[in-house]
Amino acid sequence: MTQDLSTAQRPRRPGARCLGALLLCLSLLAGCASTLPAPSSAPRTDAADSGPAAVSTVRGPSQRLPANVPLSEIAVAPVSAPAVTTLAAPADLWERIRRGLAMNDLDGDLVRQHEQWYLARPDYIQRMTERSSRYLFHIVEEIERRGLPMELALLPFIESAFNPAAVSSARAAGMWQFMPATGASFDLKQNVFRDDRRDVLASTRAALDYLEQLYGRFGDWHLALAAYNWGQGNVNRAITRNQRAGEPTGYLDLNMPAETRHYVPKLQAVKNIVANPQRYGATLPVIGNHPFFDTITVLRDMDVALIARLAEVSEADFRMLNPSLKQPVVMAAGTPTVLLPWDNATTFQRNLQSYNGALASWTAWVVPHSMSPAEAAERMGMSEAELRSVNNIPPRMRLAAGSSLLVPRNGRLDRDVPAHVADNAALNLQPEVTTRRVVVKARKGDNVARLASRHGVSAVRVAEWNRLSVNSALKAGQSITLQLPQRAAAPAVARGKAKAPAVQARSGAGKTTAKAGKASATRTAKAAKTTPTTKAAKATKTTPAKTRVATGNKP
């Protein structure tokens, strides 16, 4: 059975294929020859517009030139190759920083002044840059990842000389010098166990977040840096003042404090020295373009001393990489990662696998109610001196309820510190005063809060002493127990004529006269009369006939 083939499906004859190919070649050769000029109606293309965007994609039919038209000579057009950016990573971290410098340069006398200051102190530059070698690679990585100008990597030179434990007189702390409130707004935890303003990773993240936020607000890096130093509200008000006065609002145009006025010129001076140390005769220590530290995950609470021993580093070197830790233990719930030198991180993992002892000898204990440090130490089985030293408890202070203390682990306290304690630990102190037990009667309409306010004590404490609720109403005449501060007994005065006591002179002061002694005795007697006393105080008050008033110490 046969089937008709369509025209597209019929096999072509070999002769037809050859003929088609020959005709195609001839048409191509004709197109390669010089063509006639375009008709006058077509748009003209000059030599200057011969770029790709000026070339038309519509072609007319090719035509051959007459035989008497000569062909133009073939010429060689000059070609300029674009600059080639090398893809090889620099071996030196300083060179990597130089490639990323992108801020507008600031020039002037203040820049020259700070250049001279740094160049006159080569030892300071050496110490500062050597200290930076621990942290600079991580900062450069973060800045490149965010696409920020590399000048920001030099900012810790200005803020803290790359000292993560630095604390200013204004309580700014860490490598990036965060104030407490600003640090808290960028989720940097600050409590008695740790201060994330000093943490290398957390503070760098927060600082770059803050700088990006400031640049987004002001649209200028110099103004953003001024706001980082002075506060964005202050910079905004300075800009507003200039705008109202019809004056420019650049960094050099604003009225700023001296510290902020010198802030960016100081950074510019460091930038100039780093960008071209040969020009300034400065020597920068070589910092390799590779990580200095590695991050280790901590799954259980561990003593700092043990981590350092397993990593085979000194405890001082460990704390230089983990400066946020205030205590001798790393709490996994609050600090889940620690930093170790790159090679020592592998050593730590290897030694930890073969270690079988206890990981932590310290834990946290929350004080259930107000007590003295001596009582807390007795409960925890440690000396009062050790408890005060570990927890920085000053003398003559009591521990308020809810305070978190670092104590040794024992049979009752041997669990890891929970997250809510590790993140929110606080040491609440109150003055250590001698109290006396007093029973008072409630008045009509009294409640715990009103009675406590009348006697100058806490309603919570009154409720605690009497096993009542803070909002409890009291019956008229109801007995309420209070613990009131013990007042010093007022010295009584003999009813007869007081003699002027002899007083030892202080630093060349003259002897007290009889007139002064008489006046002192009179004032003391008046104070004794006007001092309110309770029944208990009246019972113990006596006035001996021949009591002398000691005025050797000034009131």
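Helices (H or I, at least four residues) and strands (E, at least two) are DSSP runs, numbered from the N terminus. The model shown in these views is predicted: local features need pLDDT of at least 70, side-chain atom pairs count only at pLDDT 80 or more, and totals for chains, interfaces and linings use all residues. Residues are numbered from 1 along each chain as its sequence is written, and side-chain values use heavy atoms, with hydrogens and water left out.

**View 1. The whole protein chain and the confidence of its prediction.** The protein chain contains 22 helices and 10 strands. Of its 555 residues, 36% are buried, where buried means under 20% relative accessible area, exposed over 50%, and partly exposed in between (1.4 Å probe, protein chains only). Contact means heavy atoms within 4.5 Å. Among contacts with a separation of 6 or more, 68% join residues 24 or more positions apart. The predictor's confidence in each residue is given by pLDDT, from 0 to 100. The average pLDDT of the protein chain is 81, and 72% of the residues score at least 70. Over residues 1–16, pLDDT stays under 50, and the model has three contacts beyond four places in sequence for this stretch. Residues 29–60 likewise stay under 50 in pLDDT, with 16 contacts beyond four places in sequence. Where pLDDT is low, the predicted coordinates should not be read in detail.

**View 2. His222 in helix 9.** Helix 9 spans residues 221–230 and includes His222. The relative accessible area of His222 is 12%, so this residue is buried. Beyond residues up to four places away in sequence, His222 touches Asn104, Leu106, Tyr251 and Val264.

**View 3. The largest nonpolar core and Phe178.** A nonpolar core is a set of buried Ala, Val, Leu, Ile, Met, Phe, Trp, Tyr and Cys residues joined through side-chain atoms within 4.5 Å. The largest such core has 65 residues, of which Leu136, Leu152, Phe178, Leu225 and Tyr228 touch the most other members. At least two residues of this core come from each of helix 2 (93–99), helix 4 (122–132), helix 5 (136–146), helix 6, helix 8 (200–218), helix 9, helix 10 (232–244) and helix 11 (258–275). Helix 8 supplies the largest share, nine residues. Another core, of 18 residues, lies apart from the largest one and has Met302, Val304, Leu306 and Ala332 among its members. Not counting residues up to four places away in sequence, the contacts of Phe178 include Arg171, Phe186, Leu188, Tyr210 and Tyr228.

View 4. Helix 5 is mostly covered, with eight of its 11 residues buried. These buried residues are Leu136, Phe137, His138, Ile139, Val140, Glu142, Ile143 and Arg146. Their cover includes helix 2, helix 4, helix 6, helix 8 and strand 1 (293–297).

View 5. Phe157 belongs to helix 6 (residues 155–159). Phe157 counts as buried because its relative accessibility is 3%. Leaving aside neighbours within four places in sequence, Phe157 is in contact with Trp94, Met128, Thr129, Ser132, Phe162 and Val270. Ser132 is 25 residues from Phe157 along the chain, and their C-alpha atoms are separated by 8.2 Å. On a 1 Å grid over the protein atoms alone, a cavity is a set of points where a 1.4 Å probe fits but cannot get out, and lining residues have an atom within 4 Å of a point. Grid points are joined across faces, edges and corners, and a volume is the space filled by probe spheres set on the points. The largest cavity holds about 90 Å³ of space. Its lining is formed by Trp94, Tyr118, Ile125, Met128, Thr129, Phe157, Val270, Ile273, Val274 and Leu284. Helix 4 and helix 11 each contribute at least two of the lining residues.

**View 6. The second largest cavity.** This cavity contains about 70 Å³ of space. Phe193, Arg194, Leu325, Gln327, Val329, Val330, Met331, Gly334, Thr335 and Ala422 line the second largest cavity.

**View 7. Ala385 in helix 17.** Ala385 lies in helix 17 (residues 384–391). With a relative accessible area of 59%, Ala385 is exposed. The C-alpha atoms of Ala385 and Pro373 are 9.0 Å apart, and the two residues are 12 residues apart along the chain.

Conventions. On a 1 Å grid over the protein atoms alone, a cavity is a set of points where a 1.4 Å probe fits but cannot get out, and a pocket is an open set with protein on both sides within 12 Å along at least five of seven lines; lining residues have an atom within 4 Å of a point.
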